[in-house]
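Dear colleague,

Here is the structure I said I would pass on. Please look it over; my notes follow below it.

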Number of protein chains: 4
Amino acid sequence: MKAEKAATPIRRASIGARRNPASQAAILAAARAVLAEDGYAGFSIDAVSRRAGAGKPTIYRWWKSRADLLMEVYAAEKARIRAVPTGDLGRDLTEHTKELWAFWWGTPSGRTFRALLAEAQSDPDALAALREKFLPERLLDVRGLFAAAAARGDIPTEEIEARLALYIGFNWFYVLTDQLEAGQAAIPVAMRLIAASSRS
Amino acid sequence: MKAEKAATPIRRASIGARRNPASQAAILAAARAVLAEDGYAGFSIDAVSRRAGAGKPTIYRWWKSRADLLMEVYAAEKARIRAVPTGDLGRDLTEHTKELWAFWWGTPSGRTFRALLAEAQSDPDALAALREKFLPERLLDVRGLFAAAAARGDIPTEEIEARLALYIGFNWFYVLTDQLEAGQAAIPVAMRLIAASSRS
Amino acid sequence: MKAEKAATPIRRASIGARRNPASQAAILAAARAVLAEDGYAGFSIDAVSRRAGAGKPTIYRWWKSRADLLMEVYAAEKARIRAVPTGDLGRDLTEHTKELWAFWWGTPSGRTFRALLAEAQSDPDALAALREKFLPERLLDVRGLFAAAAARGDIPTEEIEARLALYIGFNWFYVLTDQLEAGQAAIPVAMRLIAASSRS
Amino acid sequence: MKAEKAATPIRRASIGARRNPASQAAILAAARAVLAEDGYAGFSIDAVSRRAGAGKPTIYRWWKSRADLLMEVYAAEKARIRAVPTGDLGRDLTEHTKELWAFWWGTPSGRTFRALLAEAQSDPDALAALREKFLPERLLDVRGLFAAAAARGDIPTEEIEARLALYIGFNWFYVLTDQLEAGQAAIPVAMRLIAASSRS
DNA sequence: CAGTAAACGAGACGGTACGTCGTGTCTTCTG
DNA sequence: CAGAAGACACGACGTACCGTCTCGTTTACTG
């Protein structure tokens with residue numbers, strides 16, 4: 001968030017008829033930096049291009065839209081948060097949520113994610129990509145937690161979708177209202193309810 | 001939704017040193033129409049001004065930001081959905097959610113709401129207003145349902161916030177991903193979980 | 001050519017719903033300066049906009065094309081060279097040509113004119129405007145010299161067009177090849193031929 | 001003019017460490033075609049490269065500028081118009097001019113020539129090459145007509161330059177204003193004046 | 001009942017960003 | 001080692017909006 005500043009007075013000419021990894025990295029880093037500093041409001045292709053010392057066509061060549069770029073920036077944050085079922089869905093969800101919020105809070109990823117959701121509200125293609133590709137991939141692990149619980153008989157299989165929606169929405173609400181810090185106390189309660197067995 | 005088209009060749013000059021209600025109505029109607037037709041992507045002050053046959057300063061005079069205008073457009077939809085506690089929180093929530101989704105789906109309000117959430121991601125003031133004024137007002141009734149349930153002893157008072165967050169997030173997830181139709185089946189399950197008594 | 005440099009940190013806001021003369025003047029001065037310094041190669045709307053401290057839309061609002069702007073820059077050089085017939089066509093033409101070349105050489109007008117001719121080679125509208133409006137206006141006086149000579153019986157009326165073409169082309173050749181200085185010696189000879197009486 | 005369209009899916013790989021004549025021909029043909037269809041406005045190295053199926057570096061390797069390429073395209077039009085003095089300068093010039101205009105009008109050469117003149121207005125090197133190499137070569141024959149007339153004593157030797165300038169300018173005026181058709185009637189009159197003996 | 005104050009429409013202003021195109025350079029890979 | 005292929009940084013293109021600023025007009029409220 002600080003190294004990739006305006007720096008890079010390095011000339012990155014073409015390295016032949018193929019993608020220049022240095023340019024791509026510089027663009028992603030610049031996008032991340034812009035988001036970290038100015039959020040969605042300052043996130044323009046021009047700004048990223050300037051900050052990266054890259055030409056706009058280079059950006060458009062590899063990312064067909066702002067949303068595309070946002071998704072890759074988000075994905076580039078390695079910090080893959082794994083989630084392995086331990087036998088207690090509520091505890092697994094609580095644990096995972098805390099890690100996710102820490103990830104959102106401690107890196108520019110929270111802002112990136114908010115930008116992505118905002119972008120999807122004005123760009124139908126972005127919304128489709130979000131719904132059909134980005135989210136399913138990101139939610140693989142969490143869905144796995146629910147599937148494992150269902151396999152154990154803890155929750156009904158047909159309720160996975162609804163519970164997943166509750167889980168996603170809960171996170172979205174706090175990140176979109178920028179209340180990740182204040183909202184932490186609500187996590188255990190919410191996760192217990194989402195994970196509650198149906199036969200009570 | 002179609003009457004307020006480009007129409008309005010009516011001259012609405014000043015009516016003296018006070019706000020002209022006809023102009024305000026025309027602006028709100030134009031904003032609504034623009035949102036209905038082009039969504040957040042087409043929602044610009046210029047577009048609203050053109051459509052309303054109003055000067056841009058007239059808009060800025062009464063609404064200090066796009067978010068301000070969006071909130072009033074949303075509020076202008078009279079269809080206030082009331083929610084009176086009947087003694088069964090789960091049923092009350094289910095009922096209310098269905099009405100809300102019907103409202104979002106059958107009017108431009110869904111698009112307005114999505115635009116508002118998107119706008120709040122780029123405008124900190126808008127986010128603050130959303131969090132501290134708009135949402136609390138809108139959620140008065142729903143909060144009332146939870147309060148009544150807590151008063152009855154059905155749910156713990158200290159869990160109201162978490163359950164409310166689950167409720168809000170669930171709705172946001174479906175409206176933001178434009179899945180209000182497909183998601184209906186999940187409503188009863190989710191509402192039952194949100195309303196579940198803690199002592200099982 | 002020097003006063004209108006990068007200077008002008010003056011804010012020229014709108015003066016209401018009408019053209020701001022200060023902006024127009026600044027744009028014309030900037031265009032003139034850019035042409036004087038960089039010639040046709042540096043003449044871009046962006047460059048003029050930057051130099052003038054004006055927005056691009058302001059330029060496009062009042063001049064629909066680069067050629068349009070060039071023509072007005074050329075016309076703005078007051079130095080209207082008058083040409084009043086004295087009874088000797090050859091001498092009149094020689095005199096007028098010398099003044100014209102001095103005008104082209106001593107001001108940025110020569111470069112402006114060359115830019116205009118170049119522009120007309122890529123923009124059909126510019127060519128049409130050049131042919132049907134710009135040139136006829138500029139050539140009114142010279143045509144008057146020929147008409148007076150014809151009225152005196154010195155040259156046949158039906159030869160005016162051909163002689164005018166010779167006159168124009170002669171000037172174009174020298175300005176387009178940037179040989180106004182070296183070519184001065186040719187003026188009297190050429191003008192004598194153009195003005196020669198037909199009956200020899 | 002139409003065969004060399006987008007065609008040429010032929011692979012023209014390197015033929016070793018020397019210039020590939022097929023590539024050069026394809027590039028010249030493409031340049032000619034682009035000029036014929038879109039004129040100077042569409043004449044970009046990119047466009048020629050695309051049309052020729054050639055790499056841009058291949059073009060830059062053999063022609064150091066657009067002007068360079070234009071000159072070779074113009075020269076490649078074999079239709080060398082010869083001009084042999086017959087003893088009557090006026091008739092020779094008239095004849096030569098008609099052939100030149102037919103050449104300019106019936107082939108893309110007119111557009112090429114206009115492009116070349118335009119290009120010379122933004123590129124000083126192109127202007128120098130035009131003045132010192134291209135024009136002298138092209139005008140060898142015409143200059144020969146004047147020289148022969150001077151040798152015969154029909155015109156003074158010291159007036160050759162001025163008369164040549166008149167001749168060139170006359171042609172330029174009509175080609176640059178795209179009036180080759182309408183201007184034909186002026187040819188004989190103009191040529192008679194250019195060729196007029198000085199002692200009248 | 002004249003004078004003032006404010007809201008109105010209109011739209012120009014200096015800007016920023018858009019997404020595309022062309023520039024001239026560079027590098028890889030193929031023949 | 002020439003050639004195609006095409007990526008690269010750069011910057012211009014013409015358009016859309018931004019939020020601000022006057023303008024001239026049209027009332028209603030004041031003194």
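**What was found**

Chain A and chain D share no contact, and their closest C-alpha atoms lie 11 Å apart. Please keep in mind throughout that this is a predicted model. The pair of chain B and chain C is likewise without any contact, with closest C-alpha atoms 11 Å apart.

Chain C and chain D do meet: 35 residues of chain C are in contact with 35 residues of chain D. On the chain C side, the elements that each give two or more residues are helix H1 (21–42), helix H6 (109–122), helix H7 (124–138), helix H9 (160–176) and helix H10 (186–195) of chain C. H9(C) gives the most to this side, with 12 residues. Sorted by class, the side of chain C that touches chain D holds 21 nonpolar residues, along with seven polar and seven charged ones.

Chain A has 10 helices and zero strands, so the pattern read along its sequence is α-α-α-α-α-α-α-α-α-α. Its C-alpha trace spans about 65 × 35 × 30 Å along the principal axes. Chain A has 200 residues, of which 42% count as buried. Among the contacts in chain A with a separation of 6 or more, 66% come from residues 24 or more positions apart.

One helix of chain B was examined in detail, namely H8(B), residues 140–152.

Which residues of H8(B) are buried? They are Val142(B), Leu145(B), Phe146(B) and Ala149(B). Because these four cover an arc of only 90° around the axis, they sit on the same side of H8(B). Leu140(B) and Ala151(B) are exposed, and they are carried on the face of H8(B) turned away from its buried side. Just after H8(B) comes Gly153(B), which takes a positive phi of about 85°.

Regards

Methods
Residues numbered from 1 in each chain as written. Chains lettered and ligands numbered in written order. Predicted model: local features only at pLDDT ≥ 70, side-chain atom pairs only at ≥ 80, totals over all residues. Contact = placed C-beta atoms within 7 Å. Nonpolar A, V, L, I, M, F, W, Y, C, P; charged D, E, K, R; others polar. Expected span 1.5 Å × (residues − 1). Buried ≥ 20, exposed ≤ 12 C-beta atoms within 10 Å, placed from the backbone. Arc of directions from axis to C-beta.
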